[in-house]
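Reader: Before I rely on the labels attached to this chain, I would like to see how each of them is reached. Could you take me through them one by one?

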Amino acid sequence: MDSLREFDSSPNNNTSLINPMCTNPSNFTASMSSSASQSSSSSSPPQPPPSSSSSTLSRYENQKRRDWNTFGQYLRNHRPPLSLSRCSGAHVLEFLRYLDQFGKTKVHTQLCPFFGHPNPPAPCPCPLRQAWGSLDALIGRLRAAFEENGGKPEQNPFGARAVRLYLREVRDSQAKARGISYEKKKRKRPPHPPPPPPPPALPLPPSRNFGVGTGTQQ
């Protein structure tokens, strides 16, 4: 872990982050946007346009970089602050539970009359959570980013067994609460065509009798 690179703390990558210890995230977002506008209106010279290499990054790579910096902001705002080298699977679980407050997926409780109903006919007071698919994709990106930034695979906190079990538990509980299935559908293979009929048998040539076994003597 000595060669593990720390997170990018440049302001361009952190303007959209939310302070995990802030009781009112909207106020924090507003303060971040106002500070960004002040810095843009200062007398500093204009920034050069982004290089062609950054503009050619794929959408996945851009999202992975944002997720990586968001997790770094979370560790810096942790109390007490945490370094990446000391991050464990338990801290990753803390991060995932923290993200639930920004979720948009309705997860019905067992006391809700719409528990297990995929299309509830009316609103209910059940909490909003992060969808399992979003968390699973997030962990996949962070797991890859950890190793791309010098982390060893055997020390990857995003691949810890506790994280895998948590994601499985979230998947199963949300599937029951929402009445949907997350199981991957198996592709139906097209039926094999019947084998072609065997070719017709060729007629045998007529046998020729050369006097064998006739009992005639020469």
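Author: Helices (H or I, at least four residues) and strands (E, at least two) are DSSP runs, numbered from the N terminus. Asp-100 accordingly has its place in the loop between α4 (89-99) and β1 (105-106). The model is predicted, so local features need pLDDT of at least 70 and side-chain atom pairs pLDDT 80 or more, while totals for chains, interfaces and linings use all residues. Residues are numbered from 1 along each chain as its sequence is written, and side-chain values use heavy atoms, with hydrogens and water left out.

Reader: How do you know that Asp-100 has no salt bridge?

Author: A salt bridge needs a side-chain nitrogen of Lys or Arg within 4 Å of a carboxyl oxygen of Asp or Glu. For Asp-100, which is buried, the nearest side chain of opposite charge is Arg-129, at 4.1 Å, so the pair falls outside the 4 Å limit. Lys and Arg count as positive and Asp and Glu as negative, whereas His and the chain ends are not counted. Buried here means under 20% relative accessible area, with exposed over 50% and partly exposed in between (1.4 Å probe, protein chains only).

Reader: Which residues is Asp-100 in contact with, leaving aside its neighbours within four places in sequence?

Author: Contact means heavy atoms within 4.5 Å, and on that basis Asp-100 is in contact with Leu-128, Arg-129, Gln-130 and Tyr-166.

Reader: What makes α4 mostly covered?

Author: In α4, 8 of its 11 residues are buried, among them His-91, Phe-95 and Tyr-98. The buried residues of this helix pack against α3, α5 and α6 (161-178).

Reader: Why are α4 and α5 called oblique to each other?

Author: Their axes, which are lines fitted to C-alpha atoms over the stretch in contact, with angles from 0 to 180 degrees between N-to-C directions, come within 12 Å and cross at roughly 140 degrees. Angles under 35 degrees count as roughly parallel, over 145 as roughly antiparallel, 65 to 115 as roughly perpendicular and the rest as oblique, and α4 and α5 are therefore oblique. The contact is made by Val-92, Phe-95, Leu-96 and Leu-99 of α4 together with Leu-135, Leu-138, Ile-139 and Leu-142 of α5.

Reader: Where is the cis peptide bond that ends at Pro-80?

Author: The bond runs from Arg-79 to Pro-80, with omega near -5 degrees, and Pro-80 is placed in the loop between α3 (59-77) and α4.
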